[in-house]
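Dear colleague,

I am handing over the structure we spoke about, with the sequence beside it.

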Amino acid sequence: MAQFRVDGFAIVVGAAGGIGREVTLTFAEAGIKGALLADINSEAVDVAAYVPFDETDPDDYDRVLGINTKGVFLVTRAVAKIMQSQEPVSVDLGRHGRRDVGRGSIVNVSSAMAIVAVPSKAPYTTSKHAVTGITKAAVMDFKSAGIRVNQVCPIWVNTPMFEEECRRIPQTPQVIEKITTLKRAIEPDEVASACLYLCSPTAVYLNGVTLTMDSGLTVGPMIG
């Protein structure tokens, strides 16, 4: 479908593995002309230890926010500067005619922890809530230039970080099976497809959106 084809170039941060690798492959299949693959950080970092808020190490707090939050800020800032220098473009959607798609689309991959919180992970939770702030702040400054900024917020994704969490908390797979309707972690290609949708011509009216991928978990508990 023309609505889900992307024309132009992509910059993918963390392209060496996990979600970033799948984003790269998915966008290549969707027709991009080329990609700049930046392996600045293969994926977000978690807390060094699961401890209560009042026992959180300030150094660990700085470390987690320095990567998970400041990294997103710096990349968004740099990419938006490039996009502002571009000319707006339109694409041919066949029977729908031509459609203006602006100067570019930025998708920040965050976490369901940007919406809710869990015990003993204050730095990680804070870092992901801050990504929401970065996303919305960028929208306010760049929407007049035709640049869209959205975020995808999945729960557990089957990546090396998830494997590490399962090692640290062995009951994690059983918890996921109990509280999610699909009874499994999200696969990286599913997150990549969400990113593709937000960058596609069919999503040009979406700006500042949080696309939550959690099978309805954050809406309320599963009953029955």
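Below are my notes on cysteines, salt bridges, charges over rings and one surface patch.

This is a predicted model, in which local features need pLDDT of at least 70 and side-chain atom pairs count only at pLDDT 80 or more, while totals for chains, interfaces and linings use all residues. Residues are numbered from 1 along each chain as its sequence is written, and side-chain values use heavy atoms, with hydrogens and water left out.

To begin with the cysteines, the structure holds zero disulfides, a disulfide being a pair of cysteine sulfur atoms within 2.5 Å. For Cys153, the nearest cysteine sulfur is that of Cys195, 11 Å away. Cys195 itself has the sulfur of Cys199 as its closest cysteine sulfur, at 7.0 Å, which is too far for a bond. Cys153, at 0% relative accessibility, counts as buried, and Cys195 is also buried, at 4%; here buried means under 20% relative accessible area, exposed over 50%, and partly exposed in between (1.4 Å probe, protein chains only).

The salt bridges come to six, counting a side-chain nitrogen of Lys or Arg within 4 Å of a carboxyl oxygen of Asp or Glu. One of them joins Lys33 to Asp7, with the closest N and O atoms 3.8 Å apart. Because Lys33 lies in the loop between α1 (18-29) and β2 (34-38), and Asp7 in the segment before β1 (9-13), this pair ties together parts that are 26 residues apart in sequence (helices, H or I of at least four residues, and strands, E of at least two, are DSSP runs numbered from the N terminus). Lys33 is exposed at 57%, and Asp7 is exposed at 58%. Another salt bridge, between Arg184 and Glu190, has an N to O distance of 2.9 Å; Arg184 is partly exposed at 34%, as is Glu190 at 27%.

Two charged side chains sit over rings, by the rule that NZ of Lys or CZ of Arg is within 6 Å of the ring centre and within 35 degrees of the ring normal. The charged end of Lys121 is 4.7 Å from the ring centre of Tyr124, and Arg168 lies over the face of Tyr50, at 4.3 Å from the ring centre.

Finally, Ile11, Val13, Leu36 and Ile82 make a nonpolar surface patch of about 340 Å², where patch residues have over 30% relative accessible area and no salt bridge, like charges being joined within 9 Å and nonpolar side chains (Val, Leu, Ile, Met, Phe, Trp, Tyr) within 5 Å. Areas come from the Shrake-Rupley method with a 1.4 Å probe.
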